[in-house]
Amino acid sequence: MNHVLSVAGATKKFGGLVAVNEVSFDINEGELIGLIGPNGSGKTTLLNLISGALKPTSGNISLNGALISGQPAHKIARQGISRTFQLVKVLPGLTARENVIAGAVFGHTHVWGDEAEELAESLLEKVGLSDRGDSPTGAMTYIDQKRLELARALAGNPSVLLLDEWLAGLNPSELKIGISLIRDLRNEGLTIIMVEHVMDAIRSLCDRCVVMSSGVKIADGEVNQVLADPEVVRAYLGDADA
Amino acid sequence: MSLPTTREWQIAVGGLIVLIGVALVPFFGSGYVLSLTVNIAMYTVLCTAWAMFSGPTHYISLATAAFFGIGTYAVGLGLETLPFPVLVLVAGACAAALAAVVGIATLRLSGVYFVIFTLGLAELVKQVVTWWQTNFTTSVGLYVFTDFREQHILWMLLGLAALVFITSWAISRSKLGFAMRIIGNDETVAKHVGIDTARAKVLLFVISGAFIGMVGAILAPRFAYVEPPSAFNTMISFQVVIMALLGGTNRIWGPLVGVIPFTILMDQMTAYFPNHTPIVIGLAFLAIVYVLPHGVTGLMADLGKLRKRFKLVAANAGEGA
Amino acid sequence: MSIIITGLLLGGAYALIAVGLTLQYGVARIMNLANGENLVLACFCTFWLFSTLAINPILGILIVAPAAFALNWAIYSYALRPLVKRARTRGALEVDSILATFGLLFVFQGVMILTFGGGYYSYNFLRVPFAIFGENYALNRVVAFGAAVAVAIALYVFLYRTRYGTAIRAVAVSPESAQLVAINVPRTSAFAFALGGGLTAAAGALLSTFYTFDASMGVIFTMKALIIVIMGGVGDVRGAVLAALLIGLTETAVSSLIDPGLTVAANYALFMLVLLVRPQGIFGRSNA
């Protein structure tokens, strides 16, 4: 099997608190994995370990067989990991087009000038923001900012795309658009890890699910099977006698 | 990279005409007018070089006096052995080296650490230079005897000004400039799109420091006798911050708008009310924070936007009617 | 031995200044670069009280410190609070507060130069020898150190043993969470800022008894205090005290063993070392 991303025994401690505890899993090319779990279970921390925002206390993470854990975020980005943020982060002083170009210049892809503009134009169209390239981004609606952030992440032509609650906060009709957008990406063969609370999205999109609770991986497998697992139900709803 | 736009050509030609015009000042004015012109030219280069780094990063550098003083000392020490133009380059290199050391130590950290460090940097270098001169050389000062007069200094400064504007413009169109804009907007995003933020900041600080060092070198002949307290004058650092921010750092020529009035004001103040200068500097800082947070050019841009919006509203109202 | 004791005696006053600054930065989130001017102003006021009204400088603290408390409260509420309100990010507030307090620094300095002139001041108070371990030290230094320790203990008891002190420490850790447990954050911030100013003024009053001062020396003290605060870890009172004593020792050692002109350079060497090795401060916990 050819694993795109391997997480082996990843651990992150904050002082005495163990936020991520010995988590291991592998992802194959073209898989879309849902990373789920109750609030505070360590999902975003794990994503931060993969993207290099945080350094793991111990454990290894490798991309296409090469060790990336412990490297600074910009080096990891250059090797092909792109991400979006839980609290959407657009660059307010730049136009929409420049926001997308930002993802294509310094990272996994190195384009500049006309080539970058063309790439940005095509990605804006893909996420549904065609003709919005010159818009100032500070005044965009929430879903448009999320679309823009996705376009910026895609501009790096990532080997693995990390989506941190990308669907959170969208209304039902926006959610439909968002889900179909991610489905398109998967159908193109992109490898994706999505941290998500929207269960409908997980059910309809993911091949596989990794469930975390209190920093530990408690389940890993096919979505419906995992969601029926008594331990997963307990993690979400608490013990029957609690 | 695309070619300069028509508007940029217009600005370049306009700038060149102004530069030539200023270069002719020595033939018409002398004494006070000439020395004021030299001051303005000096602060123009200093502020533009300062804004090159501090504008996009929002790190407030007070290292100007240290870089300037190093440049002055490089000339004082090397005048016997090397030709002046080489010394100017050496001065730039020395200031750049200092900038690299300071940058590597402090630019990974938050802005406050950087301000504090640069605040004392001139004092630190001054103490080390004074200590070294009193213990290892015969006198505390250095003589700088050259054939340069005010007009020569002015012409050299104008040449450097052209260079600093061109460099600023080239950086703003380069990948480095784009990276700085992203860093200024959101450093976390910058890291995650693959920018080595620490390296980019240090690089820009080094370029900016080199220019400031060269200004110090060019100004050295004006001192005739270089002493640590005059070469490492902390007030230069503060004045540069004020002038650059008063003008605004969102345009390459923005600092210039602050330089001209404030240089004249400070010149008058030191001549007639020397004891009141700290108060004026203090009030200028307060004015920047409370009245002109984006500088004069920022204010003009805001007004422009407001007018556009007003026109748009008026047009829409017209359509509706 | 004499270096160690002189260094410690000097460190006592430094500790108060640094603790004042760390309260202002750690709790009120304002990097107050005008803190040194606050100190110098206190020196002048103590001197004026002593020379015109013959008020003992140690008792003078009881006048100078509350006055500084009120002044700093006003500065925070009228000048700095608006900046806190308009700031969209912590970074924006940082830049604004640095520039604004630079403004205050120069305005205060200018006013003091106009009022007292640019000359050096000192006065005679308890300038008699006092023996420690068989060597003589000026009594005013020893008394100043004792008073600094007393103020520091009082502060410690206040911060760690009273309700209001706990509220201040809560705001230092997280203003958002403090709000949730019904702490009035703006008021607590103003109080901490004022308290920081009061402590610095107390340090100024003590310093004036043995130190020659002038209207433009504030910046140097702000710088020393900032170095101490960063070395000790921002918002960490114990760290600040330890770092202050360390700086006092280094300064005294360098000026008596190498050259008095190199004290700033020595402080910087220490500062650089801390930044490179432990940027989170001596006691600071790494949070990355």
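**Close-up views of a predicted model**

**View 1. The pairing of β6(A) with β7(A).** In this predicted model, β6(A) and strand β7 of chain A (residues 160–164) run parallel and are joined by three bridges. Within this pairing, A:Arg83 has A:Leu162 of β7(A) as its bridge partner.

**View 2. The open sheet of chain A.** Six strands of chain A form an open sheet with mixed pairing, in the order β6-β7-β8-β3-β9-β10. Because β6 (81–83) and β10 (216–222) of chain A stand at the edges and each have a single partner strand, one side of each is left without a neighbour in the sheet. On average, and with direction ignored, neighbouring strands of this sheet are turned by 20 degrees against each other.

**View 3. Helices of chain A against the sheet.** Helix α1 of chain A (residues 43–51) lies across β3, β6, β7, β8 and β9 of chain A, and runs at about 150 degrees to β7(A). Helix α9 of chain A (residues 230–237) also packs on the sheet, where α9 touches β3, β9 and β10 of chain A and its direction makes about 130 degrees with that of β10(A).

**View 4. The interface of chain C and chain B.** Here 41 residues of chain C are in contact with 41 residues of chain B, and the area buried between the two chains is about 3500 Å², 80% of it given by carbon and sulfur atoms. On the side of chain C, the residues that lose the most area to chain B are C:Leu99, C:Phe106 and C:Tyr268, which together make up 18% of what that side buries. Seven residue pairs are in polar contact between chain C and chain B, whereas zero salt bridges are found across this interface. The largest share of the side of chain C that touches chain B comes from α4(C), with 16 residues.

Notes:
Residues numbered from 1 in each chain as written. Chains lettered and ligands numbered in written order. Predicted model: local features only at pLDDT ≥ 70, side-chain atom pairs only at ≥ 80, totals over all residues. Heavy atoms only, no water. Contact = heavy atoms within 4.5 Å. Buried area = accessible area lost by both parts, 1.4 Å probe. Salt bridge = Lys/Arg side-chain N within 4 Å of Asp/Glu carboxyl O. Polar contact = N/O pair within 3.5 Å; in protein donor to acceptor, adjacent residues only side chain to side chain. Helix = DSSP H or I, 4+ residues; strand = E, 2+ residues; numbered from the N terminus. Pairing = 2+ DSSP bridges. Axes fitted to C-alpha atoms, helices over the stretch in contact; angles between N-to-C directions.
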